[in-house]
Amino acid sequence: MTTTTQTSPGTAKATTASAPRKTLGEMTFSTLNYAVFLLLVVICAYPFYYLIINSVSANDVSALGDVRLFPVGFHLSNFEQVFQLNGLPLAAAISVARTVIGTVATVLASAFLGFMFTQDRMWGRRFWYRFVVVTMYFSAGLIPMFIIMKNLGLTNNFWVYVLPFVVQPFFIVLVKTYVEGMPRELQEAAEVDGAGVLRTFFMIYLPNMTPILATVAIFAAVTQWNSFQDTLIYITDQSLYTLQYLLYMFINQANSLAMAAQNAGGNLSSIADAASTQTPTSIRMTVSVIVILPIIFISPLFQRYFVKGIMLGAVKG
């Protein structure tokens, strides 16, 4: 026998009215909490805002450091001059290609090695894992690295941007720790159905690594996009220059131009006129905005995976 209990409207109102209200201390804490986090947001966002307003302000004013809250003498000539650099489209394509290919290669290698280092059947698993991790603490140095790259034929080669960054011990440690936290029954069920190691990895584990792989992808993409020292060391072919290296050269040229104009005084009016259109400060601001904008737009897409991946992939005591 089923008994149905009906609640009268008056009872519902009484129940709603009896809901606990926040105390004065709780409201004060919430207000202070929101205020502190709002202040942190402003502190983190202001440097990017500062770069943007200085890049579109009058160059002489920005050089004096008088632009702080709002643009002064708004103009876009700085961006126009940067975008007119010779070889800029090719350099941008090289940077995008190295970022995409390098990130994909790093993510796949980190995922596979992190998975394999959890497999007891892997020959010498403990030795190879320690062999990889120890490279986090010891490095051969610049000259031996250059000799190795030259002997491998990677100087003036696009793959010098990708291959040295494929195996990253820190990422492998993150993925390994994440895999160890996944249910072992997944692999056992796959092996009962006849799946081998590769099929288990690609069909079972890889689709369930999204949070940690997104975290690795963010780190790898930012590193690849911002890197220019490998171009400075290994590349002399201008067709392989990256966007960051091209802008780095542009900044150096602008600094040299400003120094030449200062030393020339009124004797070289052409140099002085050219230097007056842009200053080293305005160029640094403009170049910084161009370099960081892609990262600012891409990072929020992976942000929801980032914290979860870091927490789940952290080394547990």
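Me: At roughly what angle do the axes of helix H9 and helix H10 cross?
Reply: Roughly 125°, and the axes of H9 (residues 185-192) and H10 (residues 197-205) come within 10 Å. Axes here are lines fitted to C-alpha atoms, for helices over the stretch in contact, with angles from 0 to 180 degrees between N-to-C directions. That angle makes H9 oblique to H10; under 35 degrees would be roughly parallel, over 145 roughly antiparallel, 65 to 115 roughly perpendicular, and the rest is oblique.

Me: Before I go on, what kind of model is this?
Reply: A predicted one, where local features need pLDDT of at least 70 and side-chain atom pairs count only at pLDDT 80 or more, while totals for chains, interfaces and linings use all residues. Residues are numbered from 1 along each chain as its sequence is written, and side-chain values use heavy atoms, with hydrogens and water left out.

Me: Back to that pair. Which residues in H9 and H10 meet?
Reply: Leu186, Gln187 and Ala190 in H9 meet Thr200, Ile204 and Tyr205 in H10. By class, the residues of this contact are 4 nonpolar, 2 polar and no charged. Nonpolar covers Ala, Val, Leu, Ile, Met, Phe, Trp, Tyr, Cys and Pro, charged covers Asp, Glu, Lys and Arg, and the others, Gly among them, are polar.

Me: And how many helices and strands does the protein have?
Reply: There are 15 helices and 0 strands. Helices (H or I, at least four residues) and strands (E, at least two) are DSSP runs, numbered from the N terminus.

Me: What about H5 and H8, at what angle do they pack?
Reply: About 50°, with their axes 8 Å apart, so H5 and H8 are oblique to each other. Their crossing is right-handed: right-handed is when the near helix is turned clockwise from the far one by less than a right angle, left-handed when anticlockwise. Thr106, Ser110 and Leu113 are among the H5 residues there, and Phe171, Ile172 and Val175 are among those from H8.

Me: New topic. How many residues has the largest nonpolar core?
Reply: It has 20, and Val82, Leu85, Leu247, Phe250 and Val287 have the most contacts inside it. A nonpolar core is a set of buried Ala, Val, Leu, Ile, Met, Phe, Trp, Tyr and Cys residues joined through side-chain atoms within 4.5 Å. Buried means under 20% relative accessible area, exposed over 50% and partly exposed in between (1.4 Å probe, protein chains only).

Me: Where is Leu85 found?
Reply: In the loop between H4 and H5. Leaving aside neighbours within four places in sequence, Leu85 is in contact (heavy atoms within 4.5 Å) with Leu247 and Phe250. Leu85 and Leu247 are 162 residues apart along the chain, with their C-alpha atoms separated by 9.0 Å.

Me: Is Thr286 buried or exposed?
Reply: Buried, with a relative accessible area of 0%. Thr286 is found in H15, and, leaving aside neighbours within four places in sequence, Thr286 is in contact with Ser55, Asn78, Phe79 and Val82.

Me: How much of the protein is made up of buried residues?
Reply: 34% of the 317 residues.

Me: Last one: which residue other than glycine has a positive phi?
Reply: Asn156 is one, with phi near 55°. Most residues other than glycine have a negative phi. Asn156 lies in the loop between H7 (142-151) and H8, and counts as partly exposed because its relative accessibility is 36%.
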